[in-house]
Amino acid sequence: MSNLVLTVPMAGWLTPLDEAPDAVFAERMLGDGLAIDPTGSTLHAPCDGTIIAVHRARHAVTLRAENGAEMLMHIGLDTVGQDGAGFEVHVRDGQPVRSGDPLISFDIDLLARRARSLLTPVVITNAEAFAIVRRDQDQEAAVGDFLMELRPLGAAVAAQEASQTSADRRLRIPMLHGVHARPAGRIAQLAKTFAAETAILAFERSANARSPIALMSLGVRHGDEIVVTAAGDDAEAAVQAIAGLIADGMGEAAPLAADPIEAPLEEPPIATTPPTLLQGVCAAPGLAIGQAMRLTTSAIVVPEFGADAATEQRALQAAVDAVRARLEAAAASGPTERRAVLAAHLAFLEDPELIAAARSLVENGKSAGFAWRRSLAHYVDALRRLGDSRLAERIDDLIDLERQVLLVLTGDETQGSPVLPQGVILLADELLPSQLMALDAGKLRGLCTARGGPTSHVAILAAAMNLPAIVAAGPGVLQIADGAGLILDADAGTLRVAPDAAALEAAQQRLATRGERRMAARAAAHQDCVTADGARIEVMANLASVADAAAAAGQGAEGCGLMRTEFLFLDRATPPGEDEQAAQYQAMAEALDGRPLVIRTLDIGGDKAAPYLPIPPEDNPAMGLRGVRVSLWRPHLLRTQLRAILRVTPRGQCRIMVPMITGLDELRAVRAVLDDARAELGVSTPVELGVMIETPAAAAIADLLAAEADFFSIGSNDLTQYVLAMDRGNHELAGRIDALHPGVLRMMAGTVEGGSRHARQTSVCGSLAADLAAVPILLGLGITRLSAPPSAVPEIKALVRSLSLGPCRDLAAQALQATSAQDVRRLSAQAFPFGAAA
Ligand code: PEP
Ligand code: MG
């Protein structure tokens, strides 16, 4: 390999890669190089070479130089979402080019308006093979100027790479406390004495064996299966030594469950006592009695180096195609939630940059499986580093895809679907969506995982399958023996192991009562909802799609109290236009057959990102540009949405609700846009404009807001998050973020009181409305409308019919004086055992 000089491919300001506002580039996940802030509008070849691929969105190109260096030039950031608009490509895949040849031209003004940043990274994707001599940065440069020189790292490295051998060994962790700091340190120390690259694989993740932190963060515990791998000349010796050290237990060995325990023993073996009661976090409500079955998955080992590149490319393509075909077939039918999860997996699978990264690794000699795993690992790391707990849950989806493709590649597909006995409560460390979907749902009664989060796709799927589920119940889950009797009370977040006869009987009784109550509630779903003492309470449904609207009407919902429009805006490259939105809203209005439809304006931002909204990175997105702030930041979106709502007939069926309001100025700004839109469309019928009470500020000035808002709806999810200063997506806090905290209840009481000064109705549309223990308190506070998921409507209506306002008011008064959410729950359970036990 010879030295290679790269020239400046585009006129502009040379900038260090660290300044790219995108971790994938700034942290050099795709390779090392620099970035150019363009003043020119054509990207040129920086050297002679061959075009590997032009991205189908025309914003990025990869090039291979004659000395093997490969580079990616990526015009702007997040420009994939432009879908080619504003780009003109001058070359095609496989074409030889000369230094200075134009590759892609672009409309710099258009991109400046639409893209998150124009910064154009130029990165060497196989940078590890070169020493890079760079020109000074932070200065302007013209096309053809010197940019950098790539000096291949000696032949020794290449020879070593070519002659690399690999080895691996599978074993279980005998250390009683798993791989904690001390064993991790000893493994890393030993790994460093070998030249081979060593790693430990567990739960589909890989940790560099030389890094104690990486090893600890695998979270492997006693009894978990791991694989020790190594690549390099002394790979075999490294694997033997490391596996030997671990197998020896480092002085902390405890018998493994399947190991024969020799008897008689002088001293009892060190054994962990299986837990009798585990506390986790509810991921899908319900109660189940069943027998334990642990789902274990073993790590999939893939060799680092494969056959020739063409064979590995074919294998990778075939495996990706097979998984895609399977996902497409599965996504063609089934419940909305399941289809949404599958669609998310398909979108990841079709991510062109992911596929390009894997193909590029294969071109460099890696096996298809290794390339796939490594490419996904970049994304996983990037998501982890963002530190956003909800995005972190998408990591499960990526790991799931990694697993699905690797299972096809290795031909080991039996791992996907174990045979279940009838009446099983599934226990697992973590569960992937595809694993849950592959199980025979008819035999499952519930599930409980040691880790995981309540907003993961597995949680959403479990709820859609009516499967009670608990997550984050801790490592004790994995100590429960297969076949043990269990009571899973997902509402309380508890898993009781080997319950005694009395506990079993009580649970059976509750299950039976619950079943009967549910059937009775369903049978009465369409009856009026009036309390026992004659107060009219409306029970409506929260919707996100036309299909939801039809389901809601069938469940007896009296309309829609919250239509979350953002779901129409997510997972697409451009926002829906006025006609498309109008058609959707009209269809929902028709599915509700004249019942009221409260449409919430776009609540995007925070954890819900859209590619076409270039919200700059925020340290604290929940407190950043979201809800009405986005609508006022991009008023054309608001105007389009309001016009679409105004077009729905019959006029007056739709009401408009604005999220994340903190003050009258925002409400007035929205009303001004609404008034303009009405004038444009000639809509003379008054349209109700209400606000969500989700911020402490809005609750505190409810009396002032009530003067100009037509109605209030309390978003208890966000109100709780902001009052308690607890991130609603943080798993660690999931057990403590309770909307029945007296602090939150006092905000709600103030809201009702403020609204009543101007005779405004206050409803609750957050998750609290579906919490049966909360319903009597809400009624007692003066709430007259509840809006909940359609499936919850019949039981809420049934509960309301059984209540009288007097005792509800007494309970609410006591709750406002309580000192904790637990106390409030206790008070509710005492006053209304029905709600708490339901
Ligand atoms: C809420 O915050 O309670 C609410 C209903 O809005 P969302 O859950 O969509 O943020
Ligand atoms: Mg909200």
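Guide: Let's start at Cys529, which sits in the loop between helix 14 (501–523) and strand 27 (538–543). Helices (H or I, at least four residues) and strands (E, at least two) here are DSSP runs, numbered from the N terminus. Keep in mind that this is a predicted model: local features need pLDDT of at least 70, side-chain atom pairs count only at pLDDT 80 or more, and totals for chains, interfaces and linings use all residues. Residues are numbered from 1 along each chain as its sequence is written, chains are lettered from A and ligands numbered from 1 in the order in which they are written, and side-chain values use heavy atoms, with hydrogens and water left out.

Back to our cysteine. Cys529 is buried, at a relative accessible area of 0%; buried means under 20% relative accessible area, exposed over 50%, and partly exposed in between (1.4 Å probe, protein chains only). So who is around it? Setting aside neighbours within four places in sequence, Cys529 is in contact with Ala535, Arg536, Ile537, Val539, Glu558, Lys797, Val800 and Arg801, where contact means heavy atoms within 4.5 Å. Val497 is another story: Cys529 and Val497 are 32 residues apart in sequence, and their C-alpha atoms are 40 Å apart in space.

Now for some other spots. Ile399 belongs to helix 11 (residues 389–410) and is also buried, with 7% relative accessibility. From Ile399 to Val424 it's 25 residues along the chain and 25 Å between C-alpha atoms.

Then there's the magnesium ion (ligand 2), coordinated at 2.0 Å by Glu694 (OE) and Asp718 (OD). Glu694 is in the loop between strand 31 (689–693) and helix 21 (696–700), and Asp718 is in helix 23 (residues 716–724), so the pair ties together parts 24 residues apart in sequence. Donors are N, O and S atoms within 2.8 Å of the metal (3.2 Å for Na, K and Ca), and water is not among the atoms, so sites may look incomplete. Glu694 is buried, at 2% relative accessible area, and Asp718 is buried at 2%.

Stepping back, the chain comes to 29 helices and 34 strands. Its C-alpha trace spans about 90 × 85 × 45 Å along the principal axes. Buried residues make up 52% of the 838 residues. Among contacts between residues at least 6 apart in sequence, 70% join residues at least 24 apart.
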